[in-house]
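Welcome, and take a look at the model below. The briefing that follows goes through it topic by topic.

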Amino acid sequence: MVSKLSTLFLRTLREDPVDAEVASHKLLVRAGYIRRAAPGIYTWLPLGLKVLARVEAIVREEMNAIGAQEVHFPALLPREPYETTNRWTEYGEGLFRLKDRKDADYLLAPTHEEMFTLLVKDLYNSYKDLPVYLYQIQNKYRDEARPRAGLLRGREFIMKDSYSFNIDDAGLDEAYYAHRGAYLKIFERLGLEVVPVFAQAGAMGGSKSEEFLHPTAIGEDTFVRSPGGYAANVEAVTTVVPEDIDYANAPAFEVLDTPDTPTIDTLVAAANEIRPLEDGQWAAEDTLKNVVLAVIDPAGERHLVVLGVPGNRQVDLKRVEATIGTALEIGGEVQVEAATAEDLKNYPQIVTGYLGPALGLDNVLLGTESVTGIPYLVDPRVVSGTTWITGANEAGKHVFGLVAGRDFGWDGTIECVNVLEGDPAPDGSGPLRTERGIEMGHIFQLGRKYAEALDLKVLDSNGKLQVVTMGSYGVGVTRAVAALAEAYHDEKGLSWPAQVAPADVHVVVTGKGPELLEAAEKLATDFEAAGLEVLLDDRPKLSAGVKFSDAELIGVPKIVVVGRGLADGLVEVKDRATGERKDVAVDQVVAEVSGS
RNA sequence: CGGGCUAUGGCGCAGCUUGGUAGCGCGCCUGACUGGGGGUCAGGAGGUCGCAGGUUCAAAUCCUGUUAGCCCGACCA
């Protein structure tokens, strides 16, 4: 097909839109691929739609290749199925809800687990019908607190979501790995580097889960990888627990004046001044910071807990939320936040900024058996025999040389802090380094949670009802477009890989004279006949510079210039990505472009 | 949810302190010149200044309220 720029619905912008921060957002708007309709909601223009269609085609082919079948659900759904699985409530403010004229509740679907489950329940009832893999490519709606970065995190976005239905766990495994393989192929074909990383499966109730992250500095997810090939989301990394240390010869602790040291930095500086080490310097990791958190149970009740973690680490509230409920024996979904002054008003012993667990076992402040009774959990690195600088529970004083196990105890350990560059990989494959990535896909073994909630059962070979086991698998399609724009651009504009570009060749006419335009139009038709998608810049009276700049901004991989060389039977072929250009005889151009 | 900033033609911005009826660049339209890197000149079209209320003879400008957007944060012992 030939699209003529003289009539194509397109307007390129010379300046970056003011609300765009990242390159993909700026360039997709400037080059006329998308327009913002509302925060996190975008309109697709002709060029953008072509890229989107090509990405979708690749996704479809690979899904079909593993035997998945395409269906299409409405995005507008009734409340009821989501009520059954409790997600109407659990999804909270992230869900777009609306009412019809009879005041009945509807929602714009954030994902479709319920609907797929019900559809299979509707049509199938025998183990002989399984396995079945179903997918759709469809709009999803999530009322993000902070949509950002254009297409990267939108409130309306296109996702390929698929679901597998199996009679047993072995089948689920097979479905999972089939999808895993398909995803690796999809991203390879798209030209998007991805790293499969272990993810936390807990929240969705499943057992096995991996995210496919595209490494990039603007990514919103942080993950770690080791030289030996370990890769995990930071929330899923487990700590390598050090060996206990013999403290038989450890000196007694001492309490020292450390005025004006409310933060770890000031404390470390003070420590190096008043009690310098013979070899080296005190560092943040020699301190034990004690963070008071409030855990809010489903009934809204607030439970205090103190976490003791090395001073160079940050408590990650998400990690805490995932596990603290179990640790404190609180059922249901909990929320965690920093304790407020109100929370602490009944604990005059707690001196903010100078909190410590104990000054010897006969003077214990924290822990379920202590005077405060506040549970005290520690990072797994706090093992018996480690020594710490920590608060002495008196303003302006810290205790030095407090030995874990000798001078203080704890109620349990918890994975609650961030991973740091250089931490060992849990599988012994070397030191971890942190990287940022965009989540391009996610695969989950859901297990029987949804099937049970929605009563999806089939008869097995013994004529008994069995609950079906499920997997769910997603690819962010619009996000892939953004990630590709992010990965393939330079200072002049976009530079698409051939397989997703909005066209295969961009023909530019420069100079005046009807013979130039005629030659270009003929060339465009020839390209079309050779099976190529063509963009023809036939806009009259525009200077060559404007057309060249637009061609580079739009980013079609091959640019053919019909201009001053035509008198000698030559046109220029430019490679958008490499910048390489050469003169080619007019009758050789089609072969040159389609052959390379 | 907290903090900061912003809201003026399609895009990017000035004007606001000190009220007087809106301006610049890009883009768009007409014509001429130019014709291989966002060219030049001349002439045009296009804005109830986010919304509501108030003060005033007069409000983009001052006051009150409200809505929306963008960025940052959402634990610091």
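Three bridges connect strand 5 with strand 7 (residues 105-108), and the two run antiparallel. Helices (H or I, at least four residues) and strands (E, at least two) are DSSP runs, numbered from the N terminus, and two strands pair if DSSP finds at least two bridges between them. This is a predicted model, in which local features need pLDDT of at least 70 and side-chain atom pairs count only at pLDDT 80 or more, while totals for chains, interfaces and linings use all residues. Residues are numbered from 1 along each chain as its sequence is written, chains are lettered from A and ligands numbered from 1 in the order in which they are written, and side-chain values use heavy atoms, with hydrogens and water left out.

**The three-stranded sheet**

- P78 has Y106 in strand 7 as its bridge partner.
- The open sheet here has three strands in the order 5-7-6, with antiparallel pairing.
- Strand 5 (76-78) and strand 6 (96-99) are the edge strands, each pairing on one side only.
- From one strand to the next, the twist averages 35°; axes are lines fitted to C-alpha atoms, for helices over the stretch in contact, and angles run from 0 to 180 degrees between N-to-C directions.

**The chain as a whole**

- Chain A has 14 helices and 32 strands.
- Its C-alpha atoms fill a box of roughly 100 × 70 × 50 Å, taken along the principal axes.
- Chain A has 596 residues, and 50% of them count as buried; buried means under 20% relative accessible area, exposed over 50%, and partly exposed in between (1.4 Å probe, protein chains only).
- Among the contacts in chain A with a separation of 6 or more, 68% come from residues 24 or more positions apart; contact means heavy atoms within 4.5 Å.

**Aromatic rings**

- The structure holds ten aromatic pairs; rings of Phe, Tyr and Trp (its six-membered ring) pair if their centres lie within 6.5 Å, and planes under 30 degrees apart count as stacked, over 60 as edge-to-face and the rest as tilted.
- One of them is the tilted pair of F187 and F212, at 6.0 Å centre to centre with 35° between the planes.
- This pair links distant parts of the chain, since F187 sits in helix 6 (residues 169-190) and F212 in strand 11 (residues 209-215), 25 residues apart.
- F187 and F212 are both buried.
- F198 and Y230 make another tilted pair, with 6.1 Å centre to centre and 40° between the planes.
- F198 is in strand 10 (residues 195-198) and Y230 in the loop between strand 12 (221-225) and strand 13 (231-233), so their pair ties together parts 32 residues apart in sequence.
- F198 counts as partly exposed because its relative accessibility is 43%, whereas Y230, at 9%, counts as buried.
- F73, F116 and Y163 form one aromatic cluster.

**Charges over rings**

- R97 lies over the face of W88, at 4.8 Å from the ring centre; a charge sits over a ring if NZ of Lys or CZ of Arg is within 6 Å of the ring centre and within 35 degrees of the ring normal.
- K574 lies over the face of F548, at 4.2 Å from the ring centre.

**Strand 12 and its partners**

- Strand 12 pairs with strand 22 (residues 433-447) in the antiparallel sense over five bridges, and G437 in strand 22 is the bridge partner of D221.
- Strand 12 also runs antiparallel to strand 13, joined by three bridges, and R225 stands opposite A231 in strand 13.
- The hairpin of strand 12 and strand 13 has five residues between the strands, and G229 there takes a positive phi near 100°.

- Six strands form an open sheet of mixed pairing, in the order 1-29-28-30-31-32.
- Strand 1 (2-4) and strand 32 (581-585) are at the edges with a single partner strand each, so one side of each is left without a neighbour in the sheet.
- Strand 31 (residues 570-575) and strand 32 run antiparallel, joined by five bridges, and E572 stands opposite D583 in strand 32.
- Helix 13 lies across strand 28 (505-509), strand 29 (534-537), strand 30 (558-562) and strand 31, and runs at about 170° to strand 28.
- Buried residues in helix 13 (residues 544-554) include K547, D550 and L553.
- G555 follows helix 13 and has a positive phi, near 85°.
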